[in-house]
Amino acid sequence: KAQDNMASRRVSRSSYPREPFLMSGLSFCSACGNKMVGVSRRQGWQLKDGSTKMGTYRYYQCQSRTNQGRCLYHTWKAHDLEAKVLERILQEAATGNNWLNHIDIADEPDDIPDQLDARILKAFENLATGVISLASFREIAARVRGSRNTGSNSKGLITIPDTIEGWFNLPAEKTKLLLKRIVDNILVYDTEVVVKFKSQT
């Protein structure tokens, strides 16, 4: 009971859903050529009524800046960079390139269940060590079950969404599979991105 009480007051990153960075592994810094990596920060502040509010900030920044401190490239808010790339994909699809209309991902490896099982295992470890409460564990398990049901039919023929909102409404697993088939790399500048598409063949 004491552990549950302590855990309920503790802010734990693992007790919150982690949104995937859709452009990780595809985007590169135009200044130095290193990868753009996704970074999440949580910040809390106290309101006038004494309650505490938490906010999550997600952005991409150059790996050189993160690990070596030698690149002065500016960071991008995650949503802004992702929306910019998706807008470029929509522009390309509007040119009449038929290969972008339907992407066959039937031969992609189905590693989604393994990823979900790992999330359950991690949550169980956090529960056992008192990092999260039983209630938090149940919430995480429910989210994982929902992801499993959503992702179970991820293979097959996927239609490219025709709006940015449609892209963001896709399950993250499907979005990343589509991006891997469509995009070769993304070169990120201060205020613009250049998307290199994979060839039709």
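The model is predicted, and the protein chain averages a pLDDT of 77, with 71% of the residues scoring at least 70. Three strands form an open antiparallel sheet in the order 2-3-4, and two aromatic pairs are counted in the model.

**Sheet**

- Within the open sheet, whose strands follow the order 2-3-4, strand 2 (36–46) and strand 4 (76–77) stand at the edges, and because each has a single partner strand, one side of each is left without a neighbour in the sheet.
- Strand 3, which covers residues 52–62, pairs with strand 4 in the antiparallel sense over two bridges; here Tyr-60 stands opposite Trp-76 in strand 4, and Tyr-59 stands opposite Lys-77 in strand 4.

**Aromatic pair of Phe-21 and Tyr-60**

- Phe-21 and Tyr-60 form an edge-to-face aromatic pair, with 5.3 Å from centre to centre and 80° between the planes.
- Phe-21 lies in the loop between helix 1 (2–9) and strand 1 (27–29), whereas Tyr-60 lies in strand 3, so the pair ties together parts that are 39 residues apart in sequence.
- Both residues of this pair, Phe-21 and Tyr-60, are buried, and Tyr-60 is also the residue that stands opposite Trp-76 in strand 4.
- Phe-21 has a further neighbour in Arg-58, which lies over the face of the Phe-21 ring at 4.3 Å from the ring centre.

**Aromatic pair of Phe-124 and Phe-137**

- Phe-124 and Phe-137 form an aromatic pair that is likewise edge-to-face, with 6.2 Å from centre to centre and 65° between the planes.
- This pair links distant parts of the chain, since Phe-124 belongs to helix 4 (residues 112–128) and Phe-137 to helix 5 (residues 134–151), with the two residues 13 apart.
- Phe-124 has a relative accessible area of 48% and is therefore partly exposed, whereas Phe-137, at 16% relative accessibility, counts as buried.

**Confidence**

- Over residues 11–17 the pLDDT stays under 50, and for this stretch the model has 17 contacts beyond four places in sequence.
- Residues 151–155 likewise have a pLDDT below 50, and this stretch has 10 contacts in the model beyond near neighbours in sequence.

Conventions: Residues are numbered from 1 along each chain as its sequence is written. This is a predicted model: local features need pLDDT of at least 70, side-chain atom pairs count only at pLDDT 80 or more; totals for chains, interfaces and linings use all residues. Side-chain values use heavy atoms; hydrogens and water are left out. Two strands pair if DSSP finds at least two bridges between them. Helices (H or I, at least four residues) and strands (E, at least two) are DSSP runs, numbered from the N terminus. Rings of Phe, Tyr and Trp (its six-membered ring) pair if their centres lie within 6.5 Å; planes under 30 degrees apart count as stacked, over 60 as edge-to-face and the rest as tilted. Buried means under 20% relative accessible area, exposed over 50%, partly exposed in between (1.4 Å probe, protein chains only). A charge sits over a ring if NZ of Lys or CZ of Arg is within 6 Å of the ring centre and within 35 degrees of the ring normal. pLDDT is the predictor's confidence in each residue, from 0 to 100. Contact means heavy atoms within 4.5 Å.
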